[in-house]
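Visitor: I am new to this structure. Please pick one part and take me through it closely.

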Amino acid sequence: MEGTVDKGTNSYSQTLSIRHASPSKIPWRSLGQYKYRILEDGSQTQYRLCVIESLIPPNSDGPVFHFHEMHDEGFYVTKGKVRFHSPGRGHLDAGPGDFVTVPIRLPHKFSNPFDEEAVFINTITPGFFVRYFEYLEELIGEGTTLTPEVNMAALQRFATVPLTDGMIKQFEEVQGTVDERQGDWKADSPPGENTMVGLEKPRG
């Protein structure tokens, strides 16, 4: 099949390039006890996508509960295990090779309650949230600990709602009502499997 490329597309394509990021060549940046590095800052995609690599030390509580108003997240675990939480839904442990998706407005947080450091790659769409990490780094400065207060202040700047204890309780009560109506499809899972509920039931 023969065809031609219009002049506009041809011209625009000349401004584009394939970008390559090698994590081993990008130094870690500190967020208190946590570390991160930017693999794609959004400038290559007009902020439709950004990609962050994060390192969580052993026995770390992670960020406060929160939900995002404007972006979805993906988490691809490459080392150790990461525990994902959502109020009233239990938890989900993800290990190397596992991919976790968190949609807009789903309350969540993650932690590393295990004895090995964990590393994951975080995709964010659209990618404006990359500025949250840089702003949080400024707020912490030379501090060695990310506190809940600093965490909440930074989240609020970037279309994200940090949850108070009262809000967490409210979500737990709502989820409990949903579970009573729908049942927990994980109830018959063998001992030791993940316990987070409210997920899409596997097909097949």
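Guide: What follows is a close look at one pair of helices and the rings around it.

This is a predicted model, in which local features need pLDDT of at least 70 and side-chain atom pairs count only at pLDDT 80 or more, while totals for chains, interfaces and linings use all residues. Numbering runs from 1 along each chain as its sequence is written, and side-chain values use heavy atoms, leaving out hydrogens and water.

First, the setting. The protein has four helices and 11 strands. These are DSSP runs, numbered from the N terminus: helices are H or I with at least four residues, strands E with at least two. Of its 204 residues, 39% count as buried. Buried means under 20% relative accessible area, exposed over 50%, and partly exposed in between, with a 1.4 Å probe and protein chains only.

Now the approach to α2. Pro126 sits in the loop between β10 (118–125) and α2. The peptide bond from Thr125 to Pro126 is cis, with omega near -10°.

Next, the pair itself. Helix α2 covers residues 130–140 and helix α3 residues 148–155; their axes come within 9 Å and cross at roughly 140°. That makes α2 oblique to α3. Axes are lines fitted to C-alpha atoms, for helices over the stretch in contact, with angles from 0 to 180 degrees between N-to-C directions. Under 35 degrees counts as roughly parallel, over 145 as roughly antiparallel, 65 to 115 as roughly perpendicular, and the rest as oblique.

Who meets whom? From α2 come Tyr132, Tyr135, Leu136, Leu139 and Ile140; from α3 come Val150, Asn151, Ala153, Ala154 and Leu155. Contact here means heavy atoms within 4.5 Å. By class, nine of these residues are nonpolar, one is polar and none is charged. Ala, Val, Leu, Ile, Met, Phe, Trp, Tyr, Cys and Pro count as nonpolar, Asp, Glu, Lys and Arg as charged, and the others, Gly among them, as polar.

Now the rings. The whole structure holds 13 aromatic pairs. Rings of Phe, Tyr and Trp (its six-membered ring) pair if their centres lie within 6.5 Å; planes under 30 degrees apart are stacked, over 60 edge-to-face, the rest tilted. Phe129 and Phe133 have ring centres 5.9 Å apart and planes at 80°, so they are edge-to-face. Phe129 is buried at 5% relative accessibility. Phe133 is buried too, at 9%. Tyr132 and Phe133 have centres 5.1 Å apart and planes at 70°, so this pair is edge-to-face. Tyr36, Phe129, Tyr132, Phe133, Tyr135 and Phe158 form one aromatic cluster.
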